[in-house]
Amino acid sequence: MAAEFTILGTGGWIPTTRRETTCAILSMPDLLFIFDAGTGLARLLEDRFRPLLELSPERTPDPAGEPSREPARTKSSASTPSREVHLFLSHYHLDHIAGLVYLPAMFKGRTVYLHPPAASITGYDPQEIISGIIRKPYNPQSIDDMPLDLIIKPLEEGEHVIAGADVRVRKQIHADPSVAYRIEDLLAFATDTADDPGTAEFARGVRLLAHEAWIDGIEEDDPATERIAREAYVAHTSARQAAARAAEAGVEKLALMHLNPLRGAEYHERMLVAAQKIFPGTVILEDGETVEL
Ligand SMILES: [Zn+2]
Ligand SMILES: [Zn+2]
């Protein structure tokens, strides 16, 4: 299955102009899988990603037999979206769901399947949580009034087939429960998790592991900074830990994400070099960068 992974938000917590908060997409010819709805979701509106939002890659021929230059959605014969849209949520922290209220901007009139982790994983009723956020006075419209069809389909831990793709869900260790996703042998998406031995088995052999890296990890070796590491490790992973899991899992590539916005580019650069010593296939992508899978 040919697929492209594009990260739209490489940051955690606070959006910056360089790094919006967590959002990534896996696009296949007739499918759009979105992972988390942080502020990075807004990047889907950038011109370079417009083709992903078009209803049909085929243009309806005009009477002269030439392909129309208009998007197919203007033609009645192509009113069915060609890309089914599924949005998977890792958890409900705001840096991962703020973009839910942006959905009408890119998917007006369309159906979007929203997959939050099931109540059995988080302890929260997904319907209640989501309709509790998308409503007045937080948003001018309630979830039922938004001009798109948002269908909530929570996912239990385990294996699923979604739009023909094998999707696996695994509970992680975080300040509030979060889940990792695995799509076929293409992608494992693990953000907002403490370092977790189970991640290696879960991600075994995928082309790309997209994993959070909140700190470098060098902090744990210095008494002056050891406390930073200890506090971070309750809910988050270091770049070095993520690289070790990637090596253990035998993935092709590791993309570090959910970067700490309080750290500068130099810190992230050093962090990358440290991770590459453990797993050479480590990268830090910029928002909007794509990896062919
Ligand atoms: Zn987060
Ligand atoms: Zn979180």
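Here are some notes on this predicted model, point by point.

1. Ground rules. This is a predicted model, where local features need pLDDT of at least 70, side-chain atom pairs count only at pLDDT 80 or more, and totals for chains, interfaces and linings use all residues. Residues are numbered from 1 along each chain as its sequence is written, chains are lettered from A and ligands numbered from 1 in the order in which they are written, and side-chain values use heavy atoms, leaving out hydrogens and water.

2. The overall build. You'll find nine helices and 14 strands in the protein chain; helices (H or I, at least four residues) and strands (E, at least two) are DSSP runs, numbered from the N terminus. Along the principal axes, the C-alpha atoms fill a box of roughly 75 × 40 × 35 Å.

3. Of the 293 residues, 53% are buried, where buried means under 20% relative accessible area, with a 1.4 Å probe and protein chains only. Contacts here are heavy atoms within 4.5 Å. Among contacts with a separation of 6 or more, 63% come from residues 24 or more positions apart.

4. Have a look at H91. This residue sits in the loop between β4 (84-88) and α2 (94-97). H91 counts as buried because its relative accessibility is 0%. Its side chain makes polar contacts with the side chains of S90, at 2.8 Å, and D192, at 3.3 Å. (A polar contact is a pair of N or O atoms within 3.5 Å; within protein, one must be able to donate a hydrogen and the other to accept it, and residues adjacent in sequence count only if both atoms are side-chain atoms.) Not counting residues up to four places away in sequence, H91 also touches several others, including D36, H174 and S178.

5. Now S178. Its loop is the one between β8 (165-171) and β9 (179-183). Is S178 buried or exposed? S178 is buried, because its relative accessible area is 0%. The S178 side chain reaches the backbone oxygen of D192 at 2.7 Å. Leaving aside neighbours within four places in sequence, the contacts of S178 include S90, H91, R170 and D192.

6. Helix α8. In this helix (residues 239-249), the buried residues are A239, Q241, A242, A243, R245, A246 and A249. What do they pack against? Their partners are α6 (198-202), β11 (208-212), β12 (253-257), α9 (265-278) and β13 (282-284). Just after α8, G250 takes a positive phi of about 65°.

Note on methods
Buried means under 20% relative accessible area, exposed over 50%, partly exposed in between (1.4 Å probe, protein chains only).
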